[in-house]
Amino acid sequence: MTHTFLLEIGLEEIPAHVVTPSAQQLTERVSSFLKEQRLSFEHIETFSTPRRLAVKVLNLADQQADIEEEAKGPARKIAQDAEGNWSKAAIGFSRGQGMTPDDIFFKELKGVEYAYVNKFIAGKKAIEILSGVKIAITAMVFPTMMRWGSNDFKFVRPLKWIIALLDNEVVPFSILDVKSSNVTKGHRFLGNDVTIKNADEYPKALVSEYVIADSQERKNLIVQQIKDLAAKNDWKIIVDDDLLEEVNNLVEYPTVFAGSFDRKYLEIPDEVLITSMKDHQRFFYVQDENGKLLPNFVSVRNGVKDHIDTVIAGNEKVLTARLEDAAFFFHEDQKNSIADYVERLKKVMFHDKIGTTFEKMERVQLLSTILADYLGFDEESKSNLKRAAQIYKFDLVTGMVGEFSELQGVMGEKYALIMGEKPEVATAIKEHYMPISAEGELPQTTVGALLAVADKLDSIAAFFAAGMIPTGSNDPYALRRQAAGIARIVMDQNWSLSAVQLFNVVEKNAAANPELYRKISPADTEAEVTTFIVERIKKMLEVQHYNFDVIETVTAKTTNGFKEMLEAARVLKVHSNDKDFKDTVEATTRVLRLAKKADLAADVQLKPELFENDAEKVFADRVAEMEEKNFNNVEEIFQVLRGMRVVINNYFDETMVMAKDADIRNNRLYQLSLYASFAYKLGDLTKLNVK
């Protein structure tokens, strides 16, 4: 015999972004509770609206599974004395298992006899167990939690009602003064209380009271209504997944409607209109068949179609007010020049421990110039980059960005074009913010990409130098995202840049321009900054499911480029099943381990006259060949290491590296260090597990 169990938590309205994860959390906690209590079930259905979180457990067992097991007690020498009398330990053990010493028997385990009893625990009925399910509710955690009344209990929002129903029987328990029952509430304005007579009736019983508890059903209904509206008007309605999820979690009974705004506002950049509709009003925007924005919007009402004209008019009024503000700022901002805005940035503090935004722009301009020279940018690109770096933050002090902060960079590009800047410069202003999320879009132009790298590099170096280093989950300035952005951009552009090279650019800039670094000293944070950036590479490799030892191997040398690290991981994975892979790695690691012991003077040179056998000469000749050749990729480096196996093995067969003569010993260690420097381009192979 199986049952259906319904658990519903009624609440004040939950923030939209919390609804879905909270419903998933409740499902996981109820599932864990049932498994811990040995109550088997087939499946759990999840329901959620802004006012309720619910689960329906299908085919729940009638009772717990019985337990039959052997309980292990003390060793025989502790359980009995020499005469065979039971000790206090044995008596206490048997009593604790609900038995007597007469039930004890002995079994040998690893050469020692222990006391055991056969333990049987009959399973309890489901109805007895389920009252404890309140722990699944009270243990829930949320991004923000609140208390109400004089209680210490915290939850996402105040509890209003609880349904706990096993088939048609209420499972009794209470949280604070809210007792479980079989009564839920319908729509806040349109519905009435609903008595759920049987758990199987949920969620159908709520529909008549204007609540669609199944979030996917509700979402499908919204999408279908939008499609119908688009077909009726020959519109293309852009349904953003994140916005759809948010809107879906704001309503219990969705009705889609369309509104409009004055065509005069179409002179405002599309991005401003879309931000006003999508981000501020949670409206879907509308395009014609050619992708041109139309003066219409689509929204979702929490209710039925009654008085929908009044609802439309109200939404149009709110949107018009916002668009009127946007139009005002758009025209007012153009009354000033870019130079005016840049001058204002001298009074805008980037951070009080670091300096102004204008000073940051000056640092970034110099950083980007050094990097452009290193990467071999042509003169036109350098010129565009220099101009972009001089002005790229100017839109932060415009009225539009002050009102619509989401448009920073976007409005910079728009205004730059209007004010006569080159398209390449304008695009770089927008792209320097990219990526704006872990998997966000990357800059598509080289000028924008390098400006983005320089800006992020300056932020990381400055905050580290000011002592504001991310710890644990605390990263208020999104430095991890910025470091990941640097790595992703560098690899996407196929630039050969390493964490050490990037930091050296900062250090060089600080030494040459101390006035721009008067509040911070980056030179003291090289290890922290380079390690921090390389940690983002490790995370990328983890996502790509590389083994831990491979990740540690290829990221061990922060002097290696980002793209080379990823390529090294790929090469090691590709060749890991080769017959000679283990021998290749072991031969190389013999060299690396000894080379690490070398403590040589900076001006040391190889002295062939100190060679004592042919193996040393052959090894030296092969290393010299490596130094002369320009290898194009990591695969070629690996093939060289593979080809050196016999040479290395012969070398060690004939050569005692740690010779008593100091000159000979140092000459050999230096010889190995030269080879190690080459092998380190693949990473530190001593960290690779090839056993």
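**Close-up views of a predicted model**

**View 1. An aromatic cluster.** Phe-142, Trp-148, Phe-153 and Phe-155 are joined into a cluster by ring pairs. The model shown here and in the other views is predicted. In the whole structure there are 20 aromatic pairs.

**View 2. The pair of Phe-142 and Phe-155.** The rings of Phe-142 and Phe-155 pair edge-to-face, with 4.9 Å centre to centre and 75° between the planes. Both residues lie in the loop between helix H5 (134–138) and strand E7 (159–166), so the pair ties together parts that are 13 residues apart in sequence. Phe-142 has a relative accessible area of 9% and is therefore buried. Phe-155 is also buried, at 0% relative accessibility.

**View 3. Lys-72 and Tyr-114.** Lys-72 places its charged end over the ring of Tyr-114. The distance to the centre of the Tyr-114 ring is 4.1 Å.

**View 4. Lys-573 and Tyr-546.** Here the face of Tyr-546 has Lys-573 over it. Lys-573 is 5.2 Å from the ring centre of Tyr-546.

**View 5. The protein chain around these sites.** The chain contains 27 helices and 18 strands. Its C-alpha trace spans about 105 × 95 × 45 Å along the principal axes. The radius of gyration is 35 Å, whereas a compact globule of 691 residues would have one near 26 Å. Of the 691 residues, 50% are buried. Among contacts between residues at least 6 apart in sequence, 69% join residues at least 24 apart. The chain exposes about 33600 Å², and carbon and sulfur atoms supply 48% of that area.

How values were computed. Residues are numbered from 1 along each chain as its sequence is written. This is a predicted model: local features need pLDDT of at least 70, side-chain atom pairs count only at pLDDT 80 or more; totals for chains, interfaces and linings use all residues. Side-chain values use heavy atoms; hydrogens and water are left out. Rings of Phe, Tyr and Trp (its six-membered ring) pair if their centres lie within 6.5 Å; planes under 30 degrees apart count as stacked, over 60 as edge-to-face and the rest as tilted. Helices (H or I, at least four residues) and strands (E, at least two) are DSSP runs, numbered from the N terminus. Buried means under 20% relative accessible area, exposed over 50%, partly exposed in between (1.4 Å probe, protein chains only). A charge sits over a ring if NZ of Lys or CZ of Arg is within 6 Å of the ring centre and within 35 degrees of the ring normal. The radius of gyration is taken over C-alpha atoms; the globule rule is 2.2 Å times the number of residues to the power 0.38. Contact means heavy atoms within 4.5 Å. Accessible areas come from the Shrake-Rupley method with a 1.4 Å probe; for residues, only the protein chains shown count as cover.
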